[in-house]
Amino acid sequence: MGQLNKEVLEEIKKRAEGYKADMSAFLRAIVKNPGESADEAKHVETIKNEMEKVGFDEVKVDPQGNVMGFMGSGKTLICFDGHIDTVGIGNRSNWTFDPYDGYEDDTKIGGRGVSDQLGGTVSAVYAAKIMKDMGLLNDKYRVMVVGTVQEEDCDGLCWQYIINEDKIRPEFVVSSEPTDGGLYRGQRGRMEIRIDVKGVSCHGSAPERGDNAIYKMADILSDVRALNNNGDAESTSIRGLVKMLNPKYNEQWKEARFLGRGTVTASEIFFTSPSRCAVADSCAVSLDRRMTAGETWESCLEEIRQLPAVKKYGEDVVVSMYNYDRPSFTGCVYPIECYFPTWVLPEDHKLCKASVSAYKDLFGEKRIGEVDTVAEREPRPLLDKWTFSTNGVSIMGRNGIPVIGFGPGAEAQAHAPNEITWKKDLVTCAAFYAALPQYYCD
């Protein structure tokens with residue numbers, strides 16, 4: 001692996017610090033416009049304009065709406081990914097400031113999406129500028145910064161399009177999702193499962209004449225809860241998901257223990273009935289299923305199908321996986337299953353080792369951050385994983401392209417009211433992004 005000398009690293013950090021005000025203004029300009037999934041047009045416009053302003057060699061927007069900027073002309077393509085859609089604001093009364101006007105002080109920026117995860121794209125844009133201005137781009141690699149759409153709705157959909165339709169396949173990708181100052185090398189996967197149960201309606205005054213679908217579903221949900229909560233003893237009638245941490249049941253138990261056990265929970269419920277004075281003739285639920293290493297969509301569906309209550313009701317129960325086909329803001333429809341695979345980058349992978357080396361040469365052995373974050377960050381391991389899901393489910397989970405995570409902000413700020421990020425994180429990430437390719441490319 002390559003490396004940079006101390007003088008070059010100090011110059012990178014100096015330039016990143018020098019762009020703090022520019023990055024802060026850029027972030028606030030993006031946040032000013034709402035940009036929920038399938039409504040990111042204003043975010044794309046703002047980012048495209050900034051890329052052009054700072055001197056990207058090529059800037060384009062693909063048919064799905066992903067905005068891409070390229071620097072350099074080398075053969076090895078290195079990508080920095082950041083999704084540019086946000087969730088909504090929820091209950092406005094929970095916010096102490098306007099989520100789109102936001103606010104700024106000496107150390108922080110507030111607004112919807114500043115941590116999750118518009119700040120990462122901001123840092124990546126200015127990192128590419130630093131690379132160009134310092135002459136770090138060469139015939140070894142080319143840098144791509146992409147602001148991706150619809151991640152909050154369907155993580156990884158954008159990268160399925162980029163890889164399969166745009167025909168772009170980087171050597172590796174840095175995910176700029178928030179990492180609380182750490183380097184993240186994996187996450188649990190997830191999938192969205194639906195259970196449909198049939199019943200027969202009748203007048204509510206004589207329920208014995210019908211077949212209540214809600215009661216059937218109640219039995220099934222009791223088993224689903226047991227699947228999540230139970231242990232893995234052989235005597236247990238429904239062996240719990242914790243079994244995947246046990247070498248007896250999972251060859252990938254080491255990775256599973258790193259990522260954490262899988263979970264399942266009911267997230268939505270639906271029913272049909274002729275009236276409030278009738279027995280329900282159908283019931284359906286959505287399940288949020290988080291998957292650890294060693295679990296697949298097939299195994300997760302079969303696990304539900306083998307629950308005692310599901311088998312008891314036989315053909316009256318259908319277990320399936322949701323699909324996603326919502327048009328992007330450009331009108332592009334790109335259907336996909338709601339399956340988001342688990343992924344883990346091995347500690348001894350070239351990308352992981354290069355990332356750790358670059359970080360330690362720049363910043364030392366521990367996570368860093370603004371003063372009010374250090375007490376929470378420092379005790380945590382530098383090399384860690386996300387709790388939530390990212391575009392890595394497609395990049396590495398479906399397509400095998402290595403991913404490392406390092407991004408400004410905090411995971412706990414995601415989807416929360418009064419969302420904030422820290423200016424120091426923007427600077428730190430810009431410096432790391434600018435240095436990393438030299439550490440990876442021999």
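Select Gln-306 to begin. In this predicted model, Gln-306 sits in the loop between α8 and α9 (308-313). Its relative accessibility is 42%, so Gln-306 counts as partly exposed. Gln-306 and Ala-280 are 26 residues apart along the chain, and their C-alpha atoms are separated by 24 Å.

**The whole chain**

Zoom out and show the chain as a cartoon. The secondary structure comes to 13 helices and 19 strands. Along the principal axes, the C-alpha trace spans about 80 × 45 × 45 Å.

Colour the residues by accessibility. Of the 442 residues, 56% are buried. Contacts can be looked at by their separation in sequence as well. Among contacts with a separation of 6 or more, 76% are between residues 24 or more positions apart.

**Two helices side by side**

Select residues 20-31, which form helix α2, and residues 41-54, which form helix α3. How do α2 and α3 run relative to each other, parallel or antiparallel? The helices pack at an angle of about 155 degrees, and their axes are 8 Å apart. Angles over 145 degrees count as roughly antiparallel, and α2 and α3 are therefore roughly antiparallel to each other.

Show side chains where the helices touch. On the α2 side, pick Phe-26, Ala-29 and Ile-30. On the α3 side, the residues that meet them are His-43, Thr-46, Ile-47 and Glu-50. By class, this contact has four nonpolar, two polar and one charged residues.

**Salt bridges**

Side chains of opposite charge can pair when their charged atoms come close. The count for this model comes to 33 salt bridges. Three of them are visited here.

Start with Lys-108 and Asp-105. They form a salt bridge in which the closest N and O atoms are 3.6 Å apart.

Go next to Lys-243 and Glu-303. The N to O distance in this salt bridge is 2.7 Å. The two residues belong to distant parts of the chain: Lys-243 is in the loop between α6 (213-229) and α7 (253-259), and Glu-303 is in helix α8 (residues 297-305), 60 residues apart. Lys-243 counts as buried at 13% relative accessibility, and Glu-303 counts as buried at 17%.

Then select Glu-337 and Arg-398. Their side chains meet in a salt bridge, at 3.4 Å from N to O. Glu-337 lies in strand β14 (residues 336-337) and Arg-398 in helix α12 (residues 392-398), so this pair ties together parts that are 61 residues apart in sequence. Glu-337 is partly exposed, with a relative accessible area of 35%. Arg-398 is also partly exposed, at 31% relative accessibility.

**Backbone details**

Switch to a view of the backbone atoms. Which peptide bond is cis, with omega near -15 degrees? Look at the bond from Asp-116 to Gln-117. Gln-117 is found in helix α4 (residues 114-133).

Move on to Gln-150. Its phi is positive, at about 65 degrees, although Gln-150 is not a glycine. Gln-150 is placed in the loop between β6 (141-148) and α5 (157-164). With a relative accessible area of 1%, Gln-150 is buried.

The last stop is His-415. His-415 also has a positive phi, of about 70 degrees, although it is not a glycine. Its place is in the loop between β18 (403-405) and β19 (420-422). Gln-150 is buried, whereas His-415 counts as partly exposed, at 45% relative accessibility.

Note on methods:
Residues are numbered from 1 along each chain as its sequence is written. Side-chain values use heavy atoms; hydrogens and water are left out. Axes are lines fitted to C-alpha atoms, for helices over the stretch in contact, and angles run from 0 to 180 degrees between N-to-C directions. Helices (H or I, at least four residues) and strands (E, at least two) are DSSP runs, numbered from the N terminus. Angles under 35 degrees count as roughly parallel, over 145 as roughly antiparallel, 65 to 115 as roughly perpendicular and the rest as oblique. Contact means heavy atoms within 4.5 Å. Ala, Val, Leu, Ile, Met, Phe, Trp, Tyr, Cys and Pro count as nonpolar, Asp, Glu, Lys and Arg as charged, and the others, Gly among them, as polar. A salt bridge is a side-chain nitrogen of Lys or Arg within 4 Å of a carboxyl oxygen of Asp or Glu. Buried means under 20% relative accessible area, exposed over 50%, partly exposed in between (1.4 Å probe, protein chains only).
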